[in-house]
Structure formats: structure tokens, C-alpha cells
Amino acid sequence: MATPSPAPPKVSQRPPQKGNQNQALKKRIIKFCRDHGADLVGFAPVERWDEAGEVAPDFRPRAVWPPAKTMIALGMEMPLPIVETTPSILHKELYDTSNRELDQLAYDLTRFLNRLGHASFFFPRDGYGSLKALRENNLAAFSHVMAAQYAGLGTIGASHNLLTAEFGPRVRLVSVFTEASLPPNPMIDKELCIKCSACAKCCPKGAIRMRPDQVIADYDKAACLEMTEELTARRCYPCGICTKVCPIGKDRSLYKRTKAMKKYLQEGAALAKNPDDPEYKSWTHVRKYGVSKSRSPKDQKEGNP
Ligand code: SF4
Ligand code: SF4
């Protein structure tokens, strides 16, 4: 009697293809990040930095962590009505909370991937210890904005912020590096910035100067840092006015704030004329509490910011 040949394995029993494994891992990562609070998740192969050639070699992922094969960019929303109160204690607290949450998410994802056998590493969302450090060298060792752009989360606008379809520039970012090869997100090929110049017009320091020949404006880092120093002294850092006024983002529809541009553009002049202008009352009310109007005499005496 002939020996029956073994039945062919069912499809589900066949060893999965590597591509399928990577796709499955990507789905797991997205679910993990969503469950841990991420609003946006994108994937970029590290080769994109080399192909684009925009970022200096020392600032590319493999220079920061040589085993990296994929960058995972993670974003969290900054809710528009809170951003609109800037500069305020509300905006400062939101900024601090988003930073903590982003670092926690990146730390958790790094350990999640390590447990699955994919060595990983993360770069915290902000990388400076003091304003003095920024004054001496106003550059980060790694750009989350570039990582998010290469991971397909958005495009860089005139204001140098990452603009996303979901939240415009009202999003905070962090990056996880992993040695796992994961399917990339396509990059967004259409500029989201419409060059409306609202960010340049509303910047209190004139730090953004629009350029006719390109989307990304000239940016005066020293002027923006001066604003940071002033607001830090009053304990209501960061500024973020350029993120507040940007018309891009579906969050504007959610909050029914698609027609706020006139109000933004007139705010400075209106409040200079009448600090209690009723049109701005909800914002100016919040700004009056929880922050100092100027440096304390003690800070001034000790030369603190
Ligand atoms: S953060 Fe403020 S000071 Fe800096 S560029 Fe934006 S609007 Fe100007
Ligand atoms: S405010 Fe206008 S010019 Fe500035 S980044 Fe947004 S869309 Fe671009």
C-alpha cells in the first residue's frame, strides 16, 4: 500500500513571509501607540535622510544610533482652544503635559519593542537643559520635525513647524529608533502650507520672514529665543503664536474655528488699544492668572531670566 503523501499545509500554517511579519509588527506598533495616547504614528526608513540630503550627516538617525533601520514618529495634539490662550499658564501646563506624555510613550514603545526582540532607542521630545545652553548652541542633536516629515505625518511650513492635515502645527512630536525594518508611510508630496503669512504677521518678534522663492521662511532663531526668555521669566513659556494662528488642520472644524483669522491678525492692535477688549475677554481673562507680569525683583537682582 502506497504511503499517503502529507496533506499540504493550510495557508495559515505556512511560515509567514518576512514582509507579512513586518506588516503585522507595524500594525501591533500602531495599536500599542494608539492605546498609549498617540494621535499620529508614522514610519520612515533611515535611508530617507541620506536620499534627501537635507539634514547634515551628524544629525541623521544612524549617526545618533547606528543600528537604526526605521524611525517611528509619534505625535500628540495640542488642543486649539488652549493654544489660543497663549501666553498663559494653561498653555504652559499643556506643553509640559504633552512633553511628559510623549516621553512616556516613547519610553514605553522602546521597551515594548525590546521585549519583542527588536532593539530600540528613543530621543526625548526636547533636548536642552537651560536657556543658557540654547543661547550657546540653538540646535538640537536630532530633529523630530524632519523625522515626522520623512515618516509621512506632514510637511514643513513657512513657520518651520511641522504642519499636519489633522492638527496643522498644533502637534508635539517624539521619535523612536528601531533596528526592525518596517513598511514605510508614503511621504506627503503636496505642501500643506498655503503661504498665507499669518505666522509671520502675528509673530511678536518678527522672527519669520516669508520668502517668495520657497515655502520655508527665513527664521531668526535669536529673536524667537528672546521671546522664549521673556516668557520663561514670567513662567508662561512657550510662545507658540505661530502654531495658534496657522489656518491648517481639521481641528479647526472640530472646534468651529475656521473663521478666526481676522481676530488673530487684529489681536495685537486691539489689545494695545484696549486691554479689556470684550472680543478677547476669554483669552485675556486666562492670561491674567497664574503668571507674573515681569521678572521678580529677586530674579532681576540675581540675573535669572
Ligand atoms: S514661537 Fe513665537 S516668537 Fe517664535 S517664531 Fe513662533 S510666533 Fe515668533
Ligand atoms: S500660518 Fe500660513 S504661512 Fe504660516 S505655516 Fe501656516 S499656512 Fe504656512
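This is a predicted model: local features need pLDDT of at least 70, side-chain atom pairs count only at pLDDT 80 or more; totals for chains, interfaces and linings use all residues.
I started at valine 286, which lies in helix 13 (residues 281–287). Residues are numbered from 1 along each chain as its sequence is written, chains are lettered from A and ligands numbered from 1 in the order in which they are written, and side-chain values use heavy atoms, with hydrogens and water left out.

**Valine 286**

Is valine 286 buried or exposed? I have it down as buried, because its relative accessible area is 18%. My cut-offs are under 20% relative accessible area for buried, over 50% for exposed, and partly exposed in between, with a 1.4 Å probe and protein chains only. Not counting residues up to four places away in sequence, valine 286 touches Thr85, Ser88 and Leu90; contact here means heavy atoms within 4.5 Å. I also checked valine 286 against alanine 56, 230 residues apart along the chain, and their C-alpha atoms are separated by 42 Å.

**Whole chain**

I counted 14 helices and eight strands in the chain. The C-alpha trace spans about 100 × 45 × 40 Å along its principal axes. Of the 305 residues, 45% are buried. Among contacts with a separation of 6 or more, 72% come from residues 24 or more positions apart. The chain exposes about 16500 Å², and carbon and sulfur atoms supply 55% of that; the areas come from the Shrake-Rupley method with a 1.4 Å probe, and for residues only the protein chains shown count as cover.

**Nonpolar cores**

Next I looked up the cores, each a set of buried Ala, Val, Leu, Ile, Met, Phe, Trp, Tyr and Cys residues joined through side-chain atoms within 4.5 Å. The largest has 23 residues, and Trp49, Met71, Phe142 and Phe177 touch the most other members. Two or more residues each come from strand 1 (40–45), strand 2 (70–77), helix 7 (144–150) and strand 6 (171–178). Which element gives the most to this core? That is helix 7, with four residues. A second, separate core holds 21 residues, including Met227, Leu231, Val245 and Leu271.

I went back to phenylalanine 177 for its contacts, which include Pro61, Trp65, Met71, Phe121, Phe123 and Phe142.

**Serine 175**

Serine 175 is in strand 6 too. It counts as buried because its relative accessibility is 0%. What does its side chain pair with? The side chains of serine 175 and histidine 144 are joined by a polar contact of 2.7 Å. By polar contact I mean a pair of N or O atoms within 3.5 Å; within protein, one must be able to donate a hydrogen and the other to accept it, and residues adjacent in sequence count only if both atoms are side-chain atoms. Serine 175 also touches Met71, Ile72, Phe122, Phe123, Phe142 and Ala147, among others.

**Ligand 1**

Around ligand 1 I listed Cys203, Pro204, Ile208, Tyr219, Cys224, Met227, Cys239, Gly240, Ile241 and Cys242, taking a residue as near if one of its heavy atoms lies within 4 Å. By class, the shell has nine nonpolar, one polar and no charged residues.

Threonine 243 is in helix 10 as well. It counts as buried, because its relative accessibility is 13%. A polar atom of its side chain lies 2.7 Å from the backbone oxygen of glycine 240. Threonine 243 touches Val83, Asn161, Pro169 and Arg170, leaving aside residues up to four places away in sequence.

Most residues other than glycine have a negative phi, and most peptide bonds are trans, so I looked for exceptions. The bond from threonine 86 to proline 87 is cis, with omega near -5 degrees; proline 87 lies in the loop between helix 4 (80–83) and helix 5 (89–115). The bond from tyrosine 237 to proline 238 is cis, with omega near 5 degrees, and proline 238 is in the loop between helix 9 and helix 10.

Lysine 195 has a positive phi, near 55 degrees, and lies in the loop between strand 6 and helix 8 (198–202). Serine 197 is in the loop between strand 6 and helix 8 and has a positive phi of about 70 degrees. Lysine 195 is partly exposed at 32% relative accessibility, whereas serine 197 is buried at 14%.

Notes:
Ala, Val, Leu, Ile, Met, Phe, Trp, Tyr, Cys and Pro count as nonpolar, Asp, Glu, Lys and Arg as charged, and the others, Gly among them, as polar.
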